[in-house]
Amino acid sequence: VILFFVYTLVKTNDRFFEARTPKTLKIIAISISIISLAVTSVLAYVLPVFELPMPTGSYDVGIKYFHLIDENRTEPFLNNPAQKRELMVKVYYPAENDNSKPFDRYFHNSSEQIRLFTAGYGMPDFIFSHLKLVKTNSKEELQISNKEQSYPVILFSHGAGTTMEVQTSQCEDLASNGYIVAAIDHTYVSAATVFPDKVVSDKEATTFFNTNESEEIITQIMADDSKFVIESLNEMNEGKIDSIFKGKINLNEIGAMGHSLGGAVAYNLAINESRVKAAINLDGRVYDIPKENSTQMAPFLMLANDKYHIQSIQNRESLLKKFEELPEEEQQIMISEFMYGSKEAYNEAYNKATQIAIELTDILKKSGNLFTIEGSDHMKFTDIGFFIGSSQLRELIDIGGKTEPVRCLEITKSVTLAFFNQHLKGESLESLESLVEKYPELKKVDIK
């Protein structure tokens, strides 16, 4: 655009143009301008400054960040016994309208967090640098709404290598419908956690769980994070931690949900945490088996992609393959010291994963709460599907499925809201069965 502008100014003076500008230079300038405009247009389509979906509820959405330190736990991801476990928690809440406040920027306008998130996927730093130009539908420093005396709580856990920020649209929607949502950035599981005085990358972890139970160990750490956040919310509610939430949090009605590894955390809490009254797993493999003497499990719903996950659940199969079915190169990777260490260890992990899969399927068969979305994919249960405008490019980076990300997330939000409304608010304005009729892509999966 600048080159075209300069060319136009010069062109208005023909004598100057003819005397000072050779024809070759003119052709080069115009060619570069056209190429630059073409590249700009393509990038604007492929990597758009997108708009997050508008929340469906009647409340405005406020956000508040909290830096929490668990003095009772050492940092499990560092070889430093003096370091306590630190978390950042982003609380979304039903708020009073205030048009004088600006909408918050995506990723809290943190270029460093976006850079580390991008690097985690092995892409150049600049690829997602435009994300901070995206506006959210939530604002900081808003007053909490007084329409209700108190609001039920939902704990949200992200997947490995992502961040709580990529679940913004889901959290905003729940808050707009009358929930206080505590989105937890699980330090060293998140690609990058932004503290008030530093940014911590998952690459800075110094403890490595070189065991076939590493995912189970990390899931338990994240579940312990969630329990600590419940305790912190209780202190906010009692006024022991200074906040706007004193007396506004209904801790008798707590839900848990998460995506991917965060979904495994929600499953863990549904099994082991009596304070959690309902839980949702968004497309996450699980790592826990209910104990024989455990108390009754909280109502549980699972939404799985139809690319591969729903089939494994129906067939009571682990997402791990039998060792003999792996290509030879992959076999060598699996028995390396950085993975399982031996064929025997891999087979042990496979057998345990199969037993866990059987237990999960039996639980979902009893509850009848297994759903899938036709044309979905793992990352379409997050905002990440919005990051790339081209379906062809999404396919190249393994975000497939025919259903558009905005549609997939719309259905996901409707399902999660209906489930939590039923179990945390006692409402049934929109049942899960009615959603199956409303959305042709949504399928309730019967298990034999």
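Predicted model: local features only at pLDDT ≥ 70, side-chain atom pairs only at ≥ 80, totals over all residues.

**Loops, sheet and helices**

User: OK, back to H108. Where is the place of H108?
Analyst: H108 is in the loop between β2 and α4. Helices (H or I, at least four residues) and strands (E, at least two) are DSSP runs, numbered from the N terminus. Phi of H108 is near 55 degrees, a positive value in a residue other than glycine. Most residues other than glycine have a negative phi.

User: And Y188, which loop is that found in?
Analyst: The loop between β5 and β6. Y188 isn't a glycine, yet its phi is positive, about 75 degrees. Y188 counts as buried, at 13% relative accessibility.

User: What joins β6 to β7?
Analyst: A hairpin, through two residues. β6 and β7 pair in the antiparallel sense over four bridges, where pairing takes at least two DSSP bridges between two strands. F195 stands opposite K198 in β7.

User: Which residues of α4 are buried?
Analyst: In α4 (residues 111-120), Q113, I114, L116, F117 and T118 are buried. They pack against β5, β6 (192-195) and β7 (198-201), with contact meaning heavy atoms within 4.5 Å. Just after α4, G122 takes a positive phi of about 70 degrees.

User: Switching topic: what's the strand order in the open sheet?
Analyst: The sheet has 10 strands, ordered β3-β1-β2-β5-β4-β8-β9-β10-β11-β12, with mixed pairing. At the edges stand β3 (138-140) and β12 (442-444), each with a single partner strand, so one side of each has no neighbour in the sheet. On average, neighbouring strands are turned by 25 degrees against each other, direction ignored.

User: How many bridges join β8 to β9?
Analyst: Six, between β8 (residues 249-259) and β9 (residues 276-282), which run parallel. Among the partners, M257 bridges to I280 in β9, and G255 bridges to A278 there. Six of the seven residues of β9 are buried, so that strand is largely enclosed by the rest of the structure.

User: What about H259, buried or exposed?
Analyst: H259 is buried, with a relative accessible area of 2%, and sits in strand β8. Not counting residues up to four places away in sequence, H259 touches F156, S157, H158, G159, Q167, L282, H378, M379, F381 and T382.

User: Now helices. At what angle do the axes of α5 and α12 cross?
Analyst: Roughly 40 degrees, and the axes of α5 (residues 168-176) and α12 (residues 405-424) come within 10 Å. That makes α5 oblique to α12. Under 35 degrees counts as roughly parallel, over 145 as roughly antiparallel, 65 to 115 as roughly perpendicular and the rest as oblique. Axes are lines fitted to C-alpha atoms, for helices over the stretch in contact, with angles from 0 to 180 degrees between N-to-C directions.

User: Which residues meet there?
Analyst: From α5 it's S169, Q170, D173 and L174, against L409, T412, K413, T416, L417 and F420 in α12.

User: And how do the two helices lie on the strands?
Analyst: α5 lies across β1 (60-74), β2 (84-95), β3, β4 (151-157), β5 (180-185), β8 and β9, at about 50 degrees to β2. α12 lies across β4, β8, β9, β10 (300-305), β11 (370-373) and β12, at about 165 degrees to β9.

User: Last one: what is L142 in contact with?
Analyst: Leaving aside neighbours within four places in sequence, L142 contacts V61, G62, Y93, A95, E96, D98, K101 and I244. L142 is in the loop between β3 and β4 and counts as buried, at 3% relative accessibility. The C-alpha atoms of L142 and D306 are separated by 40 Å, with the two residues 164 apart along the chain.

Terms used:
Residues numbered from 1 in each chain as written. Heavy atoms only, no water. Buried < 20%, exposed > 50% of the residue type's maximum accessible area, 1.4 Å probe, protein only.
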